[in-house]
Amino acid sequence: MSILVDKNTKLLIQGVGRDGSFQALRMMEYGTNIVSAVHPGREGSKFENKIPYFSSVSKAINETGANTGIIFVPAPFAKDAIIEQIDSNLELVVCITEGVPIHDMIEIKNYLQTKTTRLLGPNCPGIITPKSKTKVGIIPGNIVSPGNIGVVSRSGTLTYEAISQLAQYGYGQSTCIGIGGDPINGTSFVDALKLFQEDEETEAVVLIGEIGGNKEQEAATFIQNYMSKPVIANIAGQTAPEGKRMGHAGAIVTGESGLASAKNISLKNAGAHVVESSAYIGKKVKEVLS
Amino acid sequence: MNLHEYQSKELFSHYNIPIPVGFLATTIEQVKNYVDKLNNNAVIKAQIHSGGRGKAGGVKLVSSIDESESFTKSILGKFLITPQTGSKGIKVNKLLVEEATSIDREIYFSIVIDNNDYAPMIICSTEGGMDIEEVSRTMPEKIIKTVCSPILGVSNYKIRKICEELNIPKSLIPNFTEIVNSLYKLFIEKDCILVEINPLVITKEQKVIALDAKINIDDDALFRQKSLKDIEDKSQLEKLEIEANRNDLSYVKLEGGRVGCMVNGAGLAMATMDITKWAGAQPANFLDIGGSATVEKIESAFKIIVSDKDVEVILVNLFAGIARSDVVANGIINAAKETESKIPLVISMRGTNSEEGLKLLNNSNLDITTATDLENAANILKQKLSQGDI
């Protein structure tokens with residue numbers, strides 16, 4: 001078991017430009033089963049002489065049975081690609097694209113409420129399940145290993161940092177999931193925690209949050225009420241000044257709840273194991289699990 | 001992206017939202033001329049990207065030409081310091097000269113994005129003219145929040161309710177309703193993150209007027225808001241932030257720090273800043289070089305860091321996924337040579353091509369201490385601090 005992606009994942013890739021094609025190769029190398037690609041004007045040809053191109057998502061699904069989609073199209077066109085994939089009833093849509101306008105995300109998020117598709121992202125590194133060698137996204141395959149720790153994070157490279165610390169202490173991962181750095185996104189901390197709680201192979205969860213918004217507080221409420229598995233939490237941005245955007249669109253402190261200190265308190269009160277320094281995530285997992 | 005008050009008011013007037021008669025001035029002569037035009041009864045307002053201008057002395061009611069002249073001399077071209085600007089303040093290049101308004105009541109009115117309901121939300125209060133954060137702390141019952149629908153917009157019954165709670169006089173309700181609808185339209189059409197009027201006033205003549213205006217546009221939507229992108233006032237940004245912008249780097253200058261940080265990824269960059277503090281020093285900046293950084297981009301990132309006079313040591317933390325460590329190493333080496341920088345470096349480099357990267361750095365004659373990971377980097381920094389090296 002794992003969450004969201006596994007050996008049954010049949011991936012469709014939309015947007016096969018410079019980044020998309022580079023990452024598609026990395027995913028194939030790792031072991032992901034990419035079955036089709038959608039790119040305007042390329043129908044009839046094949047990516048790397050292997051993966052058939054289609055002009056639309058619905059055609060690609062009909063021909064190849066894809067059940068999961070990944071999007072690399074540029075931000076101005078991301079909304080349309082996400083809606084097309086939702087309308088085609090894919091189970092999971094992962095949007096890597098950074099810089100999707102927030103008004104577009106409002107529309108997408110409201111549209112999703114009436115649909116069965118799960119969206120991950122945008123502005124996220126995607127998801128990886130080491131045991132089945134399934135990677136839908138850009139998390140480097142060589143840093144993960146199979147195991148029982150679930151990882152969920154708003155950040156990309158800080159997730160890699162956490163994974164490498166887990167490796168240092170001998171812990172592999174059930175699934176690593178990056179929910180993305182935007183203020184409105186498809187999958188929240190709570191959604192991911194729910195899946196990890198239900199997943200038999202996940203023993204504990206590492207949650208990496210950052211300043212801005214109140215999604216970590218929502219996670220805290222969920223942890224308090226529903227999580228029986230230990231959660232080890234770290235919040236980045238303790239030294240960030242108020243009112244300044246720290247790279248991610250969502251990483252800006254505009255009120256009390258956005259502060260790292262407020263998030264730490266909520267998580268602590270909810271029974272999560274808060275580790276203040278990002279350098280000690282692995283150490284803390286060891287401490288909690290032994 | 002922030003708009004100035006005068007730019008926000010120009011947008012308001014396109015949307016038929018009433019504003020005071022006003023003129024934009026950049027010289028003393030213009031100010032005097034406009035004050036004269038307004039019958040020596042005017043308000044002069046410094047146009048900077050910051051709240052709290054009034055308390056900081058950036059807004060002045062004047063009743064004579066002489067008064068306007070001495071105020072303008074004291075502020076135009078000078079740096080105005082508010083609680084939001086930092087200790088250096090922001091330079092005042094433009095002044096808005098407006099007719100003075102006789103105020104009966106002050107209302108707070110804003111539209112924001114509610115990230116929990118995925119919809120625009122109207123926030124208003126009878127306590128206008130005050131710092132709204134302060135109102136929500138001390139009188140939370142005075143804050144009225146109304147979540148709108150992305151599909152239906154703002155329904156009439158919601159506006160009626162707002163009018164009731166704000167105690168809007170019956171005769172002004174049609175007028176007020178029109179303003180709310182126009183503001184909502186502007187908010188959606190211009191990809192706003194914030195539209196704020198504080199205060200929205202009812203004048204003694206029983207007119208509703210937007211006395212102040214603050215608009216913040218989604219940076220990610222500027223590709224389809226070209227006319228707004230064109231009017232961005234870059235002079236309001238930190239010099240180094242402008243340089244970073246030009247090179248597509250995400251950089252924020254932090255006051256009082258002496259450890260320059262260069263990192264890939266926003267989350268890791270924040271974590272690196274935190275580690276710096278844990279080691280006993282303050283970070284001088286946030287800097288995310290992004291995913292697929294080129295040698296040129298790294299060079300400009302390095303130059304931005306070393307041109308910050310506060311920086312005494314540079315902490316590089318790279319966890320390369322898409323980025324390549326050898327490219328980053330070459331960028332650093334080139335830029336260090338070009339700038340003849342003597343600033344010591346602490347470098348942690350992991351991920352794609354990190355062995356090549358570290359080899360390049362170790363062979364480079366630069367003052368480099370390599371760290372194996374985040375914890376090690378923090379310890380090296382701590383040691384350097386305790387030895388008084390930095």
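1. Basis. This is a predicted model, in which local features need pLDDT of at least 70 and side-chain atom pairs count only at pLDDT 80 or more, while totals for chains, interfaces and linings use all residues. Residues are numbered from 1 along each chain as its sequence is written, chains are lettered from A and ligands numbered from 1 in the order in which they are written, and side-chain values use heavy atoms, with hydrogens and water left out.

2. Form of chain A. Chain A has nine helices and 14 strands (DSSP runs, H or I of at least four residues for helices and E of at least two for strands, numbered from the N terminus). The C-alpha trace spans about 55 × 40 × 30 Å along its principal axes.

3. Domains of chain A. The assignment gives domain 1 (1-123) and domain 2 (139-290), with bounds from an automatic or database domain assignment. Their C-alpha centres lie 25 Å apart. Domain 1 puts 16 residues into the contact and domain 2 puts in 22 (contact: heavy atoms within 4.5 Å).

4. Interface between the domains. The buried area is about 1700 Å², with 58% from carbon and sulfur atoms (accessible area, 1.4 Å probe, that two parts lose on being put together, summed over both).

5. Chain B against chain A. The contact takes 45 residues from chain B and 51 from chain A. About 3800 Å² is buried between the chains, 60% of it from carbon and sulfur atoms. B:Y118, B:M270 and B:F319 supply 18% of the area that chain B buries against chain A, more than any other three residues.

6. Charged pairs between the chains. Four salt bridges are counted between chain B and chain A. B:R350 forms a salt bridge with A:E161, and the closest N and O atoms are 2.3 Å apart. Elements that each supply at least two residues to the side of chain B that touches chain A include β8 (119-125), α6 (173-189) and α9 (266-278) of chain B. The largest share of that side, ten residues, comes from α9(B).

Note on methods. Salt bridge = Lys/Arg side-chain N within 4 Å of Asp/Glu carboxyl O.
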